[in-house]
Amino acid sequence: APKETLLFNDTSRYNIAEGRPGASSAEIEEAARFARIHDFIAGLPDGYDTTVGERGLKLSGGEKQRVAIARVILKAPEILIFDEATSALDTQTEREIQEALDNLIQGRTTIAIAHRLSTLRRATRLLVPKQGRIVAGGQQYDLLQRAGPYATQPRATADLALRRAR
C-alpha cells in the first residue's frame with residue numbers, strides 16, 4: 001500500500017502544530033523554515049491559514065512530506081523513525097532538508113528506512129535486510145567496499161540506518 005502523510009482538512013498552521021499543540025506562530029514558522037516549506041505556505045492566498053484540503057489534496061507529495069517533517073521538527077521527540085522521509089522530494093530539496101534533519105537528530109536515536117544512499121550517508125550503522133533477515137551491517141563506506149548485497153545492489157533493497165544518541 002502506498003505511504004501517505006496524514007494531514008487534516010484544516011490549515012497549514014494546524015497541520016504543523018499537530019507536532020506540538022499550543023506552539024506559537026513563531027515556532028510553527030521556524031519549523032516550516034527548517035523543513036523548507038515556509039516560503040510555499042507564506043505564498044498561499046491565506047498563508048498559514050490556508051486550508052490544505054481533505055488529506056492534503058491541495059498539496060503535492062513533496063509539500064505533504066515537508067509539512068510532516070515540519071511537524072516532527074516542532075515535536076522534537078527523543079526517538080525519530082523515518083520511513084522514506086524524503087522520497088517525494090527533488091535532489092536539491094532533499095539535500096536542504098537533510099541538513100535540517102542532521103541538526104534535529106543530534107542527541108537522538110534515529111532509525112531511517114530508505115532506498116536512497118544519500119539519505120543514509122551519515123548513519124552510524126546500516127543494516128541490510130533481505131527476505132526478512134539482516135544479511136549485512138556496518139558503516140556505509142565499509143559496506144560499499146565489501147562484495148556483498150549492499151555494494152552490489154544498494155538501491156534494490158531497503159536499508160535500515162541506526163544513529164545512536166550521543
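Reader: Which hand does the crossing of H4 and H5 have, left-handed or right-handed?

Author: In this predicted model, the crossing of H4 and H5 is left-handed. The residues that make the contact are Arg66, Ile69, Val72 and Ile73 on H4, and Thr93, Ile97, Leu101 and Leu104 on H5. Sorted by class, this contact has 6 nonpolar residues, 1 polar and 1 charged.

Reader: What makes the orientation of H4 and H5 to each other count as it does?

Author: The axes of the two helices come within 11 Å and cross at roughly 15 degrees. Angles under 35 degrees count as roughly parallel, and therefore H4 and H5 are described as roughly parallel to each other.

Reader: Why are H2 and H4 called oblique to each other?

Author: The axes of H2, residues 25-34, and H4, residues 61-75, cross at roughly 125 degrees and come within 8 Å. Roughly perpendicular covers 65 to 115 degrees, and roughly antiparallel begins over 145; the pair of H2 and H4 is therefore oblique. Their crossing is right-handed. On the H2 side the contact is made by Glu27, Ile28, Ala31, Ala32 and Phe34, and on the H4 side by Ala70, Ile73 and Leu74, with 7 nonpolar residues, 1 charged and no polar ones.

Reader: What makes H4 count as mostly covered?

Author: Of the 15 residues in H4, 12 are buried, and a residue is called buried if its relative accessible area is under 20%. The buried residues of H4 include charged side chains such as Glu63, Lys64, Arg66 and Arg71, as well as Val67, Ile69, Ile73 and Leu74. What covers them includes H1, H2, H3 and H5.

Reader: Which residues of H5 are buried?

Author: In H5 the buried residues are Thr93, Glu94, Ile97, Gln98, Ala100, Leu101, Asp102 and Leu104. For the chain as a whole, buried residues make up 45% of the 166 residues.

Reader: How do the spans of H4 and H5 from first C-alpha to last stand against what is expected at 1.5 Å a residue, and what are those spans?

Author: H5, with 14 residues, reaches 20 Å, close to the expected 20 Å. H4, with 15 residues, reaches 21 Å, close to the 21 Å expected for it.

Reader: What is the phi of Arg36, and where is Arg36 found?

Author: Phi of Arg36 is near 60 degrees, a positive value in a residue other than glycine, and Arg36 lies in the loop between H2 and H3. Most residues other than glycine have a negative phi. Just after H4, Ala76 also takes a positive phi, of about 50 degrees.

Reader: How many helices and strands does the chain have?

Author: The chain has 7 helices and 5 strands, and from the N terminus on they run α-α-α-α-β-α-β-β-β-α-α-β. Among contacts between residues at least 6 apart in sequence, 67% join residues at least 24 apart.

Key: Residues numbered from 1 in each chain as written. Predicted model: local features only at pLDDT ≥ 70, side-chain atom pairs only at ≥ 80, totals over all residues. Heavy atoms only, no water. Helix = DSSP H or I, 4+ residues; strand = E, 2+ residues; numbered from the N terminus. Expected span 1.5 Å × (residues − 1). Buried < 20%, exposed > 50% of the residue type's maximum accessible area, 1.4 Å probe, protein only. Axes fitted to C-alpha atoms, helices over the stretch in contact; angles between N-to-C directions. Left-handed = near helix turned anticlockwise from the far one by under 90°. Contact = heavy atoms within 4.5 Å.
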